[in-house]
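Work through the exercises below with the structure open beside you. Try each task before you read its solution.

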Amino acid sequence: MYDFEFERPATVADAVAALRTEGAQVLAGGQTIIPTMKNRLAQPVKLVSVGGIADMSGVSVGDGCLTVGAATCHADVAAAAAGAYPALASLAANIGDPAVRNRGTIGGSIANDDPASCYPAAVLASGADIITDRRRLAADDFFLGMFETALEEGELILEVSFPIPDAASYQKFEQPASRFALVGAFVARSGGLVRVAITGASDSGVFRWREAEAALSDDFSRSSLNGLALSPEGMISDIHGTPEYRAHLAGVLTARAVEAA
Amino acid sequence: MPKDFGIGASTKRREDARFLTGNGQYTDDINIHGQAYAHFLRSQVAHGKISAVNVEAAAAMPGVIRIFTGADFEGVGGLPCGWQVTDRHGEPMKEPGHPVLAQGKVRHVGDPIAAVVAESAAEARDAAEAIEVEIEELPAVIDMKAAVEGGPLVHDDIGSNLCYDWGFIEDNRDEVDAAIRDAHHVTTLELTNNRLVPNAMEPRVAVGDYNAANDESTLYTTSQNPHVIRLLMGAFVLAVPEHKLRVVAPDVGGGFGSKIFHYAEEAFCTLAARQLRRAVKWTASRSEAFVTDAHGRDHVTRIELALDDGGHFVAIRTSTLANLGAYLSTFAPSIPTWLHGTLMAGNYRTPLIYVNVRAVFTNTVPVDAYRGAGRPEATFQLERVIDKAARELGIDPIEIRRRNFIAAEDFPYATPVALEYDTGNYHATMDRLEEIADLQGFEARAETSQAKGKLRGLGVNCYIEACGIAPSNLVGQLGARAGLYESATVRVNATGSVTVMTGSHSHGQGHETTFPQVVADMLGIEEGQVNILHGDTANTPMGMGTYGSRSIAVGGAAMVRATEKIISKAKKIAAHLMEASAEDIEFSEGAFKVAGTDKQVAWGDVCLAAYVPHNYPLAELEPGLEETAFYDPANFTFPAGAYACEVELDPETGKVDVCSFAAADDFGNIINPMIVDGQVHGGIAQGVGQALLENAVYDSDGQLLSGSYMDYAMPRADDVPSFTVDHSCQTPCTHNPLGVKGCGEAGAIGSPPAVVNAVVDALSRGGYEVAHIDMPLSPSRVWQAMNA
């Protein structure tokens, strides 16, 4: 690990100020940035920890929404969302291992936007809003590609607000080594509208499967997916799966999510 | 009634108290006053010519003591190879040099180019990054077939990438060819035995120390065999004689073979400490371990099994490409040959066998022994081709095996591949397996799975292994450059407690518990009165260490021989004390008795007399009670067993779950059944790992794609079921004093074919005619096979 400066502000304002330093980076749970730094693959000038900002942690429910502070760890989401939004709680409960779940945060996960991470699927399928120190972003505008979001330099995610769907399920097929999502499908139905988000599969990161959404909005049943298939084009190819396999899995997992929702 | 003491008792592992409470003393726990730290600059490319290494800027970095490059090792020996294989034309194998630090060329990602020694590990690493290396990248050769068909040369000086072309037994070749040509039926299978990264829990560490006052070097290292390292490093690399070199392998956190070998970092730290006159420490990162610890397996094989019209095996012919990686690791040449070809008879009466192995250099990490070492490769191909033959001929897979078993009355049995099995009873282990695996109930379980939309499959196979390695005169003829005896010194202390110094080394096997069980049983004293010392060349007799399931069969035998000498001498002392003849002394339950009388003296009295010899036959007998024995086995031992695996396969995703795994093993006599259970559990977990999860994958440029746990899938607790293991079938080894055979590798040898046979069975039951899938049977591979 290379040398770096470290700040641990107590307020959002101080954090935002600290992030104005060029080369500064947010430290939330550190589940990606710390191992990357230990391998000397990242060299931030400064880390600004948000762990000391009380306002950024916690889960609240109101007005049909479940709002998660950006620095809330997965284990806390798993516990606090279990009643109001069980599909989200279950997703959080199956990220990584207990150590990861007690350090890693939702803000860190979606800001990093690993194409195989779970949270982006929930955020996108739920049509959640991402509230930062400077604006409110719709999920559809937030995820731009692999490891790429709409966040600007120094912009800090404060919370994520999930409209609670009538029914939802997340189905993850684990990559055997990392146990990240080889493919994950999040299906959320609110009234007659269904959103389907697929993670792990695409070279462009998490995406909505619009054809499946249309079919499921007409008839929310597994059979309405019959005959629908994603194209392998643009899917990830690696030692754990071909594009064809990922496209196939996305279909299977979506169907299972519909059944389980 | 299970025993609660001595041989056969499930004594709890005494070493666990320190391991589980964080009090183990591993090599990285050793810190010597004033020590410096080494960091190795390693090649990022698989193959290249080193044009320049400029260390000037790096040498001026804070904390840097000295930077070493290949030039500093020009007068130093290379890492030696401990086995010379002779090819099918009678020529010795090609043996290219293996420098401590790369000279002229780099040959795999991870090859060390330079080493920085600095005041701190971080400063050493900083400086290593500042070294300017110019490498003219050369095309890499990764694929073995390409390597032997005129690909780029890994070692220019040997003119090809072929280390040897081995035929076994070469004189049988024509007869085997004829038998296969004329056979009623021939089943052919082409398969890959996947490359594995050993992944011991403790990464490798070396601490070199030097005492200028007496010109003595000490190396603390993560080794399975400190005496072997002392011999290889002292005699062949650094020219330091044994009496000036001590090698200590303290607590070692797993080896699985990867810590047998002599590695460059050990020699480097020892030499650097001598030159710098201060201790030098190196601790591998996990990332380094992936590209420097010798890998395992990596064979591509074509096997043909010829059968007669009664389903009897007539002949076997195999052709294998074996990857050696970029350099010859210490025992690499022996693994695909003598530890592989000799096992091709398996548990069966196949009269004609011919094995061809071409061993190949590639721009990859060296490949050497890994739990099982050659025997899993033999077992996998044999048990897979038998399964395929059974399917082709419509014979039940258990029945075809039984039809070809070597029968209990056939032992000792000489195979056509040079081994003589001393004992075994393969029908009995298969009988036992059928019971413990509840094979009768399989069809009902398959129906339950089907109701859930899953395909259930059953895989059964047998294995045999040659353990208790090895008779020195035999392996000498086969090219070993070492003897493979073992040693023990039994030191009885004045008040009757016992210290055993063994040349074996425990790195997870539980010797500190099991060895005392044997000695305590023989002497009739409490196990707690016996301790073992191991892992330090300064206080143990020269021994060859632990691998090849040899510790109890060879090291234990040496300990028994030494203890027998103790008893013999103690009887003489007792006879003197009781004024009787030594021939009349009987020793049992810790007391020496004069036969036919009520006269007796206790163990403790005899021990005290030996060290306080006031009343002692000094004219005939030396005082003291300490004996050493070296034991060289007369033969290998032959553990064998039958395994059954049940899997459930999700046809939608290709995911395989192992539902149950049963192992019926014949290990001969057993010292500690609980520890044997644990060894089998661990072995099966590793075998399931190889079958379903683990795979070291290189891209065509020689970059290791599975270079971390993000991509290299280790088996975890939820990947395996609770195992059903049974070792009640016991045909004791006939040629060692304990009748033991060894159990450390069995699980890893026997389990991969069971898993693959089960998956092929599940697919077949689901209507998918898939003849074979190469390991690891990952979900994507299974799905692809189903949708091919």
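**Exercise 1.** Find the salt bridge between Asp238(A) and Arg246(A), and state whether each residue is buried or exposed, or in between.

Solution. The model is a predicted one.
Step 1: the side chains of Asp238(A) and Arg246(A) form a salt bridge with an N to O distance of 2.9 Å.
Step 2: buried means under 20% relative accessible area, and exposed means over 50%.
Step 3: Arg246(A) has a value of 3%, so Arg246(A) is buried.
Step 4: Asp238(A) has a value of 34%, so Asp238(A) is partly exposed.

**Exercise 2.** Where in the chain do the salt-bridge partners Glu259(A) and Arg222(A) lie?

Solution.
Step 1: the side chains of these two residues, Glu259(A) and Arg222(A), meet at 3.4 Å, N to O.
Step 2: Glu259(A) belongs to helix H10 (residues 243-260) of chain A, while Arg222(A) sits in the loop between helix H9 (210-218) and H10. The two are 37 residues apart, and the pair links distant parts of the chain.
Step 3: Glu259(A) is exposed, because its relative accessibility is 54%. Arg222(A), at 27%, is partly exposed.

**Exercise 3.** How many residues apart are Lys388(B) and Glu392(B) in helix H9 of chain B?

Solution.
Step 1: a salt bridge of 3.4 Å, N to O, joins the side chains of Lys388(B) and Glu392(B).
Step 2: both lie in helix H9 (residues 375-393) of chain B, four residues apart, so about one helical turn separates them.
Step 3: Lys388(B) is buried at 16% relative accessibility, whereas Glu392(B) is partly exposed at 39%.

**Exercise 4.** Describe the surroundings of strand S13 (residues 193-199) of chain A.

Solution.
Step 1: S13(A) pairs with strand S12 (residues 181-190) of chain A in the antiparallel sense, over seven bridges. Within this pairing, Val194(A) in S13(A) is opposite Arg189(A).
Step 2: two residues lie between S12(A) and S13(A) in their hairpin, where Gly191(A) has a positive phi near 60°.
Step 3: S13(A) also pairs with strand S14 (residues 207-208) of chain A, again antiparallel, over two bridges. Here Ile198(A) faces Phe207(A) in S14(A).
Step 4: six of the seven residues of S13(A) are buried, so the strand is largely enclosed by the rest of the structure.

**Exercise 5.** What lies between domain 1 and domain 2 of chain B?

Solution.
Step 1: the C-alpha centres of domain 1 and domain 2 of chain B are 37 Å apart. Seven residues from domain 1 and nine residues from domain 2 make the contact.
Step 2: the two domains bury about 600 Å² between them, with 60% of it on carbon and sulfur atoms.
Step 3: there are zero salt bridges between domain 1 and domain 2 of chain B, but two residue pairs are in polar contact across the interface.

Methods. Residues are numbered from 1 along each chain as its sequence is written. Chains are lettered from A and ligands numbered from 1 in the order in which they are written. This is a predicted model: local features need pLDDT of at least 70, side-chain atom pairs count only at pLDDT 80 or more; totals for chains, interfaces and linings use all residues. Side-chain values use heavy atoms; hydrogens and water are left out. Buried means under 20% relative accessible area, exposed over 50%, partly exposed in between (1.4 Å probe, protein chains only). Two strands pair if DSSP finds at least two bridges between them. Domain bounds come from an automatic or database domain assignment. Contact means heavy atoms within 4.5 Å. Buried area is the accessible area (1.4 Å probe) that two parts lose on being put together, summed over both. A salt bridge is a side-chain nitrogen of Lys or Arg within 4 Å of a carboxyl oxygen of Asp or Glu. A polar contact is a pair of N or O atoms within 3.5 Å; within protein, one must be able to donate a hydrogen and the other to accept it, and residues adjacent in sequence count only if both atoms are side-chain atoms.
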